[in-house]
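Welcome, and please open your viewer. Keep the selection tool at hand as we go from stop to stop.

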Amino acid sequence: RLSPSRPGYYGNLLSLCSEVGPLALPLGKQAHHEITEEILAKDISLLSAAIKMYLHCGDYQSALKVFEVYETRKIYPPLAAFLNTLKACSKIGPKALEVGKSIHRRMKKRSKDLNDSETATTLIDMYTNCGANNLGLKYYSTLSKLDDFKKSVDIALSALQACNSPQYLGDGKQIHEQVIAKGWADNPSIIAALIVMYSRCGRVDISRELFQNSPKENILLWGAIFKVCCISNNAALAMDYFNEMKQMGVEPNEEAFLDLIRVCNNAGLFGATFEIFGELEGSSLSASKEHNELHQVARNALSQSVSLQAAR
């Protein structure tokens with residue numbers, strides 16, 4: 001049995017709270033507040049553990065506050081502390097941009113912290129989620145200049161997600177050329193990201209062409225084309241693809257169901273919304289406890305359809 005007097009007690013407790021998530025936030029906060037200066041002097045890694053706990057429990061501002069302790073103590077944080085704090089910035093959004101930029105500058109003091117795939121994707125994602133896509137894409141373009149650095153599929157995916165409006169179409173096309181040169185053009189995740197990227201940049205025609213020229217067995221590609229329909233608000237096209245997918249025997253995943261329901265509901269296609277909801281209830285996702293959120297969103301959309309139909 002653990003007790004506060006035993007080594008590793010607070011580290012184990014914070015780790016457990018991280019695994020449980022938001023429901024464990026009160027316990028995680030209590031554990032953090034019980035960590036005295038004496039305890040911290042013996043185990044500075046508890047700071048990183050506290051940041052991770054706050055991130056996973058949804059208290060992102062507290063994660064940022066804990067990170068400030070490293071600055072106060074003039075200690076260079078471990079890579080995990082950097083990454084988890086950047087992820088907290090991503091969750092907060094534009095208000096945390098300056099904090100994210102400050103962290104990036106601090107990481108540049110030790111270049112080896114920048115020379116890995118997880119760091120690169122976390123930084124690009126932070127800039128994108130904080131509304132500074134241009135900075136994320138600028139960072140992406142400099143990565144190849146670092147010694148011993150090799151762009152990975154994950155980094156390319158993050159960069160493609162940053163290309164989310166027409167002003168970034170040129171960047172998206174350049175990344176497309178790079179993935180072809182790298183031999184990643186047949187990677188389903190890359191194809192799906194390209195399909196969505198072009199639609200967000202206003203080129204639905206290229207999105208549809210990419211989809212038509214790709215193998216249809218992978219659910220990622222169907223999910224991407226449904227996302228395109230959702231972005232372009234084209235419910236009729238979404239239903240055409242949905243029927244084609246059923247004929248091929250491919251079952252939608254969680255994200256595909258959500259986009260289908262949203263686009264049909266927004267277009268006022270109540271019959272289609274009911275049809276898709278019926279498909280969801282009869283799918284393998286229906287029995288999974290992990291998809292309660294999906295069912296709640298679907299039922300909310302269904303209720304909205306019923307209300308709108310009654311109002312007419």
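This is a predicted model: local features need pLDDT of at least 70, side-chain atom pairs count only at pLDDT 80 or more; totals for chains, interfaces and linings use all residues.

Residues are numbered from 1 along each chain as its sequence is written, and side-chain values use heavy atoms, with hydrogens and water left out.

**The helix pair**

Select helix 4 (residues 45–57) and helix 5 (residues 60–72), whose axes come within 8 Å and cross at roughly 165°. Helix 4 is therefore roughly antiparallel to helix 5 (an angle over 145 degrees). Now show the side chains: Leu47, Ile51 and Tyr54 are among those that helix 4 brings to the contact, and helix 5 brings residues including Ala63, Val66 and Tyr70 (contact means heavy atoms within 4.5 Å).

**The core**

Next, select Ile195 and Phe226, which touch the most other members of the 95-residue largest nonpolar core (a set of buried Ala, Val, Leu, Ile, Met, Phe, Trp, Tyr and Cys residues joined through side-chain atoms within 4.5 Å; buried means under 20% relative accessible area, exposed over 50%, partly exposed in between, with a 1.4 Å probe and protein chains only). Beyond its neighbours within four places in sequence, Ile195 is in contact with residues including Phe211, Leu221 and Val228.

**Two loops**

Pick Lys74, in the loop between helix 5 and helix 6 (79–92). Its phi is near 55°, a positive value in a residue other than glycine, and Lys74 is exposed, with a relative accessible area of 75%. Finish at Asn233, in the loop between helix 14 (219–231) and helix 15 (235–247). Asn233 is not a glycine either, yet has a positive phi of about 55°; Asn233 is partly exposed, at 46% relative accessible area.

How values were computed: Axes are lines fitted to C-alpha atoms, for helices over the stretch in contact, and angles run from 0 to 180 degrees between N-to-C directions. Helices (H or I, at least four residues) and strands (E, at least two) are DSSP runs, numbered from the N terminus. Angles under 35 degrees count as roughly parallel, over 145 as roughly antiparallel, 65 to 115 as roughly perpendicular and the rest as oblique.
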